[in-house]
Amino acid sequence: MAGIKRKREGEAEWSEVGSDLLENVMRRLCFVDILRMKRACRWWFSVGESYTSSPSFRPCFQTPWLLIPPPEEDEEEDDKGERKSNSSLCFFNLDEKKAYRDVCLCREVYEGRCVGSSHGWLFLLDKTANLTLFNPFSGARIQVECSLKEGRSEEEELFDVDAYTADAKYKKYKGGRAFILKAILMMSDVGKKKINKDKDGVVLIYRGGGKLAFCMFNDGRFMDLDGAHESYNDVICYGNLVCAISQLYGSVEVWDFSTTGFSPSPTKVMDIFSCLPLKKAREFQKTTREFCCSYHFHLVESCGELLSVVRIVSEFMDVGVHVHENGKDNQPKKVSPYKTLMFYVFRVDLHHKILVEMESLGDQVLFLGGNNSVSLRVEDCPGCIKDSIYFTDSYWERADGDDSYGGHDMGYYNLKDRCVKPFYDTPHRYKMKPTPFWVLPNPW
């Protein structure tokens, strides 16, 4: 092992630290800390690149980072009155409770609207409906060559060339989510982490949540999945299965891609309908007198099991207190933002096609929102509390529709305490652009 040559007493020549010693240190660091370490000098950068690109590299424990807008002092209004940033985006570290701007290369996120986060990649949609995968930590890019508009008749065309502009039917969604509500990766081997363009692809919810489609990177075209329950709230990959959950009673639909791997010939194998999620949500409303609520559904894989999560959102909240519109015409209406109040978690029994309520997540922590839902061990998530759900704002009808509020509904819900608490005290008075997303740092 090479040592450190000292130029004079108390001073070290860091560029001459041996590669074995550097790699031994890196093995004990999470990926973001390795990124910081690589910036020390060219030699450390070279060793870090070699180490993180080796087949044996496995990142140490890593809490998902929160992608957030830059501070408001870095923003200014353009000619149209819209707030624009003069700097790159930030990441909030849950463990350190601190925001960073020096760990990523994510100014490019402003070249498109973020419509998904999956395995460390952001999905960016531009105005001409082009979809790009962007890794904000490595700077890598992958252009999705296929388009939702290709191969469709004029009647099937959803929008004109501007993918951010919805037609009248879907105008409740703005900012690209009318076109694509959520996008995730389909990976043939999640353990390898790297994208295989010959075997992997993309699955997404589009047309305001009404449709599901998928595309293999080597195929060049999107194909619809024959879903029966519009509209959809979430979609995930579960082994060789693609599972989607509907806003309609939280029903779960499953497609099998295992016959030929992820290929253009999936088979729908299951449709699970259960009244249990809505029954529990309505019981909560009755006991708490939360009469004006909406329900949002998520899917996540946890410890090999498929979980269905129902999120209860109050529609009329103001500083934590219900408000009602003043009936007098000469009085202004009060702003009524929304706020998440409660979660219920259910195990999806694919064998018996039923949902079973779960009282605890054990040592697991869930991360839900616009991202590819993920479950991690609390031991691998410094700064997090076990048996909790960490969530970001994904109520797109309200987040994208209100010009003064959106992105603020985030926190964590502990299943034992049954209450929502904040993890990030947002300094943003205005709509948060882009809406915060969970990102699991990925060097590839």
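This is a predicted model: local features need pLDDT of at least 70, side-chain atom pairs count only at pLDDT 80 or more; totals for chains, interfaces and linings use all residues.
User: Which residue in the hairpin of E6 and E7 takes a positive phi?

Analyst: Four residues lie between the two strands of that hairpin, and Lys97 takes a positive phi near 55° there.

User: Why are E7 and E29 described as standing at the edges?

Analyst: The open sheet has four strands in the order E7-E6-E3-E29, with antiparallel pairing. Strand E7 (98–100) and strand E29 (437–439) each have a single partner strand, so one side of each is left without a neighbour in the sheet. Neighbouring strands are turned by 35° against each other on average, direction ignored, where the axes are lines fitted to C-alpha atoms (for helices over the stretch in contact) and angles run from 0 to 180 degrees between N-to-C directions.

User: How do you know that strand E3 pairs with E6 and with E29?

Analyst: E3 and E6 pair in the antiparallel sense over three bridges, and the bridge partner of Leu66 in E6 is Phe92. Strand E3 (residues 65–68) and E29 likewise pair in the antiparallel sense over three bridges, with Trp65 opposite Val439 in E29.

User: Which way do the side chains of strand E6 point, and are they buried or exposed?

Analyst: In a regular strand the side chains alternate between the two faces of the sheet. In strand E6 (residues 90–93), Cys90 and Phe92 point one way and Phe91 and Asn93 the other, and all are buried. Buried means under 20% relative accessible area, exposed over 50%, and partly exposed in between (1.4 Å probe, protein chains only).

User: Why is Lys182 called buried, and which side chain joins Lys182 in a polar contact?

Analyst: Lys182, found in strand E12 (residues 180–186), has a relative accessible area of 4%, so the residue counts as buried. A polar contact of 2.6 Å joins its side chain to that of Asp234. The term covers a pair of N or O atoms within 3.5 Å; within protein, one must be able to donate a hydrogen and the other to accept it, and residues adjacent in sequence count only if both atoms are side-chain atoms. A polar atom of the Lys182 side chain also lies 2.7 Å from the backbone oxygen of Asn371. With contact meaning heavy atoms within 4.5 Å, and residues up to four places away in sequence not counted, Lys182 touches residues including Val115, Val203, Asp234 and Gly369.

User: What makes His119 partly exposed, and where does the residue lie?

Analyst: His119 is partly exposed because its relative accessible area is 26%. His119 lies in the loop between strand E8 (113–118) and strand E9 (121–125), and has a positive phi of about 55° although it is not a glycine.

User: Why is the pair of Phe367 and Trp438 given its class?

Analyst: Rings of Phe, Tyr and Trp (its six-membered ring) pair if their centres lie within 6.5 Å, and planes under 30 degrees apart count as stacked, over 60 as edge-to-face and the rest as tilted. By this rule there are 14 aromatic pairs. The ring centres of Phe367 and Trp438 are 5.2 Å apart with the planes at 80°, so this pair is edge-to-face. Phe367 lies in strand E24 (residues 364–368) and Trp438 in strand E29, so the pair ties together parts 71 residues apart in sequence. Both Phe367 and Trp438 are buried.

User: What makes the pair of Tyr390 and Tyr412 fall into its class?

Analyst: Tyr390 and Tyr412 are 5.0 Å apart centre to centre with 15° between the planes, and the pair is stacked. Tyr390 lies in strand E26 (residues 388–391) and Tyr412 in strand E27, so parts 22 residues apart in sequence are tied together. Tyr390 is buried at 2% relative accessible area, and Tyr412 is buried at 12%. Phe367, Tyr390, Tyr412, Phe423 and Trp438 form one aromatic cluster.

Methods. Residues are numbered from 1 along each chain as its sequence is written. Side-chain values use heavy atoms; hydrogens and water are left out. Two strands pair if DSSP finds at least two bridges between them.
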